[in-house]
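Have the structure open while you read.

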Amino acid sequence: MPINARRATYAHAIAVGLFALTFIFQVTTRAQGPDARKGREIFRFDTFGDEQLWTTVLRMHEVIPTIDPVTALGVGLKVDVEALPREVIDAILAGGPALTNPAVTVGLLKLNAVVGVKGQVNDDGELTSIGITCALCHSTVDDSLTPGIGRRLDGWANRDLNVGAIVGLSPSLDEALKTEFSSWGPGKYDPRHHAFDGMNLIPLNSPSLPIVIPSIYGLRNVGFETFTGDGPISYWNAYVGIGQMGGKGTFTDPRIGLVIHQSPDLVTPKLEDLLAYQLSLRTPEPPRDSFDRQAANRGRRLFRNEAGCATCHQGPTFTDVLNGASRQVPLLHDANEIGTEPEYASRSATKRYRTTPLRGLWQHPPYFHDGSARDLPAVVEHYDQRFGLHLDAQQKSDLVEYLKTL
């Protein structure tokens, strides 16, 4: 065979082989699909490169070494007991100076034990950078060692977390902004106040309207995560991961006039695995004997019939958000239809609210997006007055007992 012919044959064989390998890889990748195990690592430990905000701009690595563990726990930071060596656990149980020494805070970061916070510590014990992960707001611990220190509870909102107080420690912010952040209080955050574009904090809306940090378990088949149904879960993950956490990536939504372009994109390639893990998080069962079973049975009948709650809180997910013209277009409600605060919705992409899926209600007061209902009786009272249900005291109590079971 002539040399040129042999070369052509070899080239063809190589091309066929490469095509076959590519095809096999693509088929295998599709067959494997998103990986929830990778998603857990992303959720717990991936900062998406947001050190560019927390270290370079906010300079939190300068502040944290001055904060002792007692103070850190006091603003809602949590510690993963399973990341602690035995000697550290013993020191904590013994009391004394272990939790009042700022050097211990840096030591906990070196152990990667602070939930949702990642720090780089050099050989001299100096904190050189700081970043945050999804777990900061959407995980807590079971307090099995001591309050604030225990086993992780992923997907549970950290309602002790005072984000405003933490960010307010930054030496880079002016006093007016610190004062505004300090007004949020524990368990609240305003995702419509500012965005970060990789270099600067961009003002979005003012004054600040903080909302309660939501739990993110029980999301399978819900379809839309945000209070205002702006998009599916991964849309919100991208919005928060890039624009709020400060991760490196690209996010564009002309509906709210936000365009962020950063390269390389450290967020978008991880969204599928992150979603797989989020969808695996099951709603926690209510504690045994935490509700009256007979009253709850009566309350379920009220919920489905006389009270009319099931008109919107439908089916196994207790929401009607997927009952729109298509599953890609959420069914939403005007603020005045449900009697809730309208301003936060006006700052969103949809300008409306979606019916909240009811899950794990026993676990996360206060209720409504703005936390305006301090407990479940307040929720029932709101709708009784809004829709003129005229429920008597026993019926209201029965409804509350049923809501505790969800």
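## Where two helices meet

In helix 16, Leu376, Pro377, Val380, Glu381 and Asp384 meet Lys396, Leu399, Val400 and Leu403 of helix 17, where contact means heavy atoms within 4.5 Å. Sorted by class, this contact of helix 16 with helix 17 has six nonpolar, no polar and three charged residues. (Ala, Val, Leu, Ile, Met, Phe, Trp, Tyr, Cys and Pro count as nonpolar, Asp, Glu, Lys and Arg as charged, and the others, Gly among them, as polar.)

A quick word on the source: this is a predicted model, where local features need pLDDT of at least 70 and side-chain atom pairs count only at pLDDT 80 or more, while totals for chains, interfaces and linings use all residues. Residues are numbered from 1 along each chain as its sequence is written, and side-chain values use heavy atoms, with hydrogens and water left out.

Helix 16 and helix 17 (residues 393-403) pack at an angle of about 125 degrees, their axes being 9 Å apart. Axes here are lines fitted to C-alpha atoms, for helices over the stretch in contact, and angles run from 0 to 180 degrees between N-to-C directions. Helix 16 and helix 17 are therefore oblique to each other; angles under 35 degrees count as roughly parallel, over 145 as roughly antiparallel, 65 to 115 as roughly perpendicular and the rest as oblique. Helices (H or I, at least four residues) and strands (E, at least two) are DSSP runs, numbered from the N terminus.

Glu381, Asp384 and Lys396 are also linked in a network of salt bridges.

## Salt bridges

How many salt bridges does the structure hold? There are 18, each being a side-chain nitrogen of Lys or Arg within 4 Å of a carboxyl oxygen of Asp or Glu. Here are some of them:

| Pair | N to O distance |
|---|---|
| Aspartate 142 and arginine 151 | 3.1 Å |
| Arginine 192 and aspartate 230 | 2.7 Å |
| Arginine 352 and aspartate 334 | 2.9 Å |

Arginine 192 sits in the loop between strand 7 (188-189) and strand 8 (194-196), and aspartate 230 in the loop between strand 10 (211-212) and helix 11 (233-244), so the pair ties together parts 38 residues apart in sequence. Arginine 192 is buried at 1% relative accessible area, and aspartate 230 is buried at 5%. (Buried means under 20% relative accessible area, exposed over 50%, partly exposed in between, with a 1.4 Å probe and protein chains only.)

Aspartate 142 is partly exposed at 29%, and arginine 151 is partly exposed at 42%.
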